[in-house]
Amino acid sequence: MKLLAIDPSSKAVGYAIFDRSAVIKYGVLKSPKKDYWDRIVVTAEQMLHVASITAADVIVVEVSSLGVAQKLAGRGRGLAHYGEAVGAICGWLVAWGYRINRVPSSVWTRSYRCPGNTRKQASKKERQQLMEIEHKYKPKGDSGADAADAIALGAWWLREERSKA
């Protein structure tokens, strides 16, 4: 089974491709465009290209939860731009016939007991696992660890699917 995990935002989109449980490719997509909507359109197009060459059986996309709203509080239109980015990426994928599984960030990060991006509640072992993922899978220019988050999301999804079987 091939899995494509996506961690979207309005500035960068992290992605990870798994073949069974192995990460075979990962990266971060960014647009040089200054206007936020132009940036969203370009990264959505890039994500559609990644999805088309991946031939994924499953696509998992992180969606907003309270943690994202709290993280962006007081920063103008940040949450609205984030929502538009997630909507554009999901909408384009669905329009092209892909079936996506939306996972709230608060659900998958709960396995690390890390609401939003805070690592304070995670155990030492869990923090170490996340730090290893972020260190190992951090392409150049990925200051927000978006690729690492996509890998962690994909690993969570695969673990959840195995536990159902």
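What follows is a short walk from the whole chain down to single side chains.

Before you click anything, know that this is a predicted model, where local features need pLDDT of at least 70, side-chain atom pairs count only at pLDDT 80 or more, and totals for chains, interfaces and linings use all residues. Residues are numbered from 1 along each chain as its sequence is written, and side-chain values use heavy atoms, with hydrogens and water left out.

**Stop 1: the whole chain**

Switch to cartoon view. You'll find six helices and five strands; helices (H or I, at least four residues) and strands (E, at least two) are DSSP runs, numbered from the N terminus. Trace the chain from the N terminus and the elements go β-β-β-α-β-α-α-β-α-α-α. Of the 165 residues, 47% count as buried. Here buried means under 20% relative accessible area, exposed means over 50%, and partly exposed is in between (1.4 Å probe, protein chains only). Now for contacts, meaning heavy atoms within 4.5 Å: among those between residues at least 6 apart in sequence, 62% join residues at least 24 apart.

**Stop 2: the cores**

Next, select Leu4, Ile6, Tyr15, Met47, Val50, Ile59 and Leu93. Within the largest nonpolar core, which has 24 residues, these touch the most other members. A nonpolar core is a set of buried Ala, Val, Leu, Ile, Met, Phe, Trp, Tyr and Cys residues joined through side-chain atoms within 4.5 Å. Which element gives the most? That's H3, with seven residues.

Apart from this core lies another, of 15 residues, including Leu3, Ala5, Ile151 and Trp156.

Go back and centre on Leu4. Leaving aside neighbours within four places in sequence, its contacts include Tyr15, Ile17, Met47, Val50 and Ile59.

**Stop 3: a serine in a loop**

Select Ser10, in the loop between E1 and E2. Is Ser10 buried or exposed? Buried, with a relative accessible area of 12%. Not counting residues up to four places away in sequence, Ser10 touches Arg39, Ile40, His81, Tyr82 and Ala85.

**Stop 4: charged pairs**

Side chains of opposite charge can pair when their charged atoms come close. How many salt bridges does a search of the whole structure find? Two, with a salt bridge being a side-chain nitrogen of Lys or Arg within 4 Å of a carboxyl oxygen of Asp or Glu.

Show Arg20 and Asp19: their side chains meet in one of these, at 3.9 Å, N to O. Arg20 is exposed at 62% relative accessible area, while Asp19 is partly exposed at 29%.

Then move to Glu161 and Lys164, whose salt bridge comes in at 3.2 Å, N to O. The two are three residues apart in helix H6 (residues 146-164), so about one helical turn separates them. Glu161 is partly exposed at 30%, and Lys164 is exposed at 61%.

**Stop 5: staying on H6**

The charged end of Lys164 sits over the Trp157 ring, 6.0 Å from its centre (the cut-offs: NZ of Lys or CZ of Arg within 6 Å of the ring centre and within 35 degrees of the ring normal).

Ser163 is exposed, with a relative accessible area of 54%, and its side chain reaches the backbone oxygen of Glu160 at 2.8 Å.

How values were computed. Polar contact = N/O pair within 3.5 Å; in protein donor to acceptor, adjacent residues only side chain to side chain.
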